[in-house]
Amino acid sequence: TVGPDGKPHVREFGNVRPSSRGLVGQVAAQAPSVREPLVDAILDEKQNTLVITAEMPGITKEDIKIHLGDGLVTIHAEKGEKKYHKEIPVEHELDENSAKAAYTNGIVELKIKLKAPAKKKGRDVKIE
């Protein structure tokens, strides 16, 4: 991905680590039972929306479970041998009722509106 500074940020794919002998033949032996999908979260300030994209090939939309709560977005999916799980910390207040998700060609896209900042309540006190 390209960061806000305009410089590319390279991340490892999921949680499978390359070995000194390469990935071929080693992935099945080293792969954990649950994979961490590649996830990207983008804050769209113009539309006041958080967009989370996760790569989860080999499953159907019925296999995916998404949970929002307590500053955390959890994405989980299982289908046969394919298991994905990712917890994404979120530092913004989210409007849970506005969340919409779509799954197309192995990509989950979740759009959540941010809550408007609460107006401070109170009143001025006149000095007598």
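Let's start with Asn105, which is exposed at a relative accessible area of 78%. For the cut-offs, buried is under 20% relative accessible area, exposed is over 50%, and partly exposed is in between, using a 1.4 Å probe and protein chains only. Asn105 sits in the loop between β6 (100–104) and β7 (107–113), and although this residue is not a glycine, its phi is positive, about 50°. When I say helix or strand, I'm using DSSP runs numbered from the N terminus: H or I with at least four residues for helices, E with at least two for strands.

Before I go on, the caveats: this is a predicted model, so local features need pLDDT of at least 70 and side-chain atom pairs count only at pLDDT 80 or more, while totals for chains, interfaces and linings use all residues. Residues are numbered from 1 along each chain as its sequence is written, and side-chain values use heavy atoms, with hydrogens and water left out.

Asp70 is another one with a positive phi, near 50°, and again a residue other than glycine. You'll find Asp70 in the loop between β3 and β4 (72–79), and it counts as exposed, with 83% relative accessibility.

Now the sheet. Which order do the strands take? There are four of them in an open sheet, β1-β2-β7-β6, with antiparallel pairing. β1 (38–44) and β6 are at the edges with a single partner strand each, so one side of each has no neighbour in the sheet. On average, neighbouring strands here are turned by 15° against each other, ignoring direction. Pairing, by the way, takes at least two DSSP bridges between two strands.

How many bridges join β1 to β2? Seven, and the two strands run antiparallel. As an example, Asp40 has Thr53 in β2 as its bridge partner. The hairpin of β1 and β2 has four residues between the strands, and Asn48 there has a positive phi near 55°. Over at β6 and β7, also running antiparallel, there are five bridges, and Tyr103 is partnered with Val108 in β7.

Staying in β2, let's look at Thr49. Thr49 is buried, at 8% relative accessible area. Its side chain reaches the backbone oxygen of Gln47 at 2.9 Å. That's a polar contact, meaning N or O atoms within 3.5 Å; within protein, one must be able to donate a hydrogen and the other to accept it, and residues adjacent in sequence count only if both atoms are side-chain atoms. Leaving aside neighbours within four places in sequence, Thr49 is in contact (heavy atoms within 4.5 Å) with residues including Ile42, Leu43, Lys111 and Ile112.

Not counting residues up to four places away in sequence, Ile52 touches Val39, Val73, Ile88 and Leu110, among others.

On to charges. A salt bridge here is a side-chain nitrogen of Lys or Arg within 4 Å of a carboxyl oxygen of Asp or Glu. How many salt bridges does that rule give? Two. One is Lys86 with Glu36, at 2.9 Å from N to O. Lys86 is in β5 (residues 82–89) and Glu36 is in the loop between α1 (27–30) and β1, so this pair ties together parts 50 residues apart in sequence. Glu36 counts as partly exposed, at 33% relative accessibility.

Glu109 and Lys111 also form a salt bridge, with their closest N and O atoms 4.0 Å apart. Glu109 is partly exposed at 33% relative accessibility, and Lys111 is partly exposed at 42%.

Last stop: Asp63, in the loop between β2 (49–55) and β3 (64–69). Asp63 is buried yet has no salt bridge, and the nearest side chain of opposite charge is Lys79, 4.4 Å away. For charge, Lys and Arg count as positive and Asp and Glu as negative, with His and the chain ends not counted. So what does the side chain of Asp63 make a polar contact with? The side chain of Thr60, at 2.9 Å. Beyond four places in sequence, Asp63 touches His76, Ala77, Glu78 and Lys79.

Note on methods
Axes fitted to C-alpha atoms, helices over the stretch in contact; angles between N-to-C directions.
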